Amino acid sequence: MNTVMKFKLSPSQSLMTLLASATVLLISSTNKAFAIPEACNGSSGIPTLGNWGGSTTMAALNGRLYITQGQGLWRANPCDGSWIRLGSGNWSGSTTMTALNGWLYITQGEGLYRANPEDGSSIRLGSGNWSGSTTMTALNGWLYITQGAGLYRVNPNDGSWTRI
């Protein structure tokens, strides 16, 4: 029997992402993170993943949740609620994040960065100015970023871009 769960959230105050198994992971307007249990091998509960107030970006990769909060990049396990900080980089001011081909892509200030999901190390891609980016996703091997009134297709290898 499938159970339908309803959440009342303000989209402007919540972050949401999907795992490959179509499991919804969300950070609610009350700063709590939740995982819908189907991805957790039949877990019967919805684990609380901690207080993530002030989080600015979130993405899912390989069954884990990646979140920028304060200066940190964090990896959380949605099944048991455990989390760790990745590296010692300063990710404050990050505005978008997505995952593609085993990497995390994050916009922060003017830069687009490719981050290693194991240790948080990162490199800047290209010389584009991504200030004011509001959303980013990955599709068919490309990154797509919205900024102002523009939609951009971005090469995840070198940061080159085309407005579409």
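Here's a quick briefing on threonine 68 and the sheet around it. Keep in mind that this is a predicted model. Threonine 68 sits in strand S6, which covers residues 64-69. The sheet is an open one made of four strands.

**Threonine 68 up close**

- Threonine 68 has a relative accessibility of 0%, so it counts as buried, the cut-off for that being under 20%.
- Its side chain makes a polar contact of 2.9 Å with the side chain of threonine 56.
- Another polar contact, at 2.4 Å, links the side chain of threonine 68 to that of threonine 57.
- If you skip the neighbours within four places in sequence, threonine 68 is in contact with Ser55, Thr56, Thr57, Leu73, Trp91, Ser94 and Met97.

**The sheet as a whole**

- The strands line up in the order S5-S6-S7-S8, and their pairing is antiparallel.
- Strand S5 (55-61) and strand S8 (83-85) are at the edges, and each has a single partner strand, so one side of each has no neighbour in the sheet.
- On average, neighbouring strands here are turned by 20° against each other, if you ignore direction.
- As a bit of background, strands of a sheet pair through backbone hydrogen bonds, and they can do that in a parallel or an antiparallel way.

**Where S7 meets S8**

- Strand S7 takes in residues 72-76, and three bridges join it to S8.
- These two strands run antiparallel.
- Across this pairing, tryptophan 74 stands opposite arginine 85, which belongs to S8.

Conventions. Residues are numbered from 1 along each chain as its sequence is written. This is a predicted model: local features need pLDDT of at least 70, side-chain atom pairs count only at pLDDT 80 or more; totals for chains, interfaces and linings use all residues. Side-chain values use heavy atoms; hydrogens and water are left out. Buried means under 20% relative accessible area, exposed over 50%, partly exposed in between (1.4 Å probe, protein chains only). A polar contact is a pair of N or O atoms within 3.5 Å; within protein, one must be able to donate a hydrogen and the other to accept it, and residues adjacent in sequence count only if both atoms are side-chain atoms. Contact means heavy atoms within 4.5 Å. Two strands pair if DSSP finds at least two bridges between them. Axes are lines fitted to C-alpha atoms, for helices over the stretch in contact, and angles run from 0 to 180 degrees between N-to-C directions.
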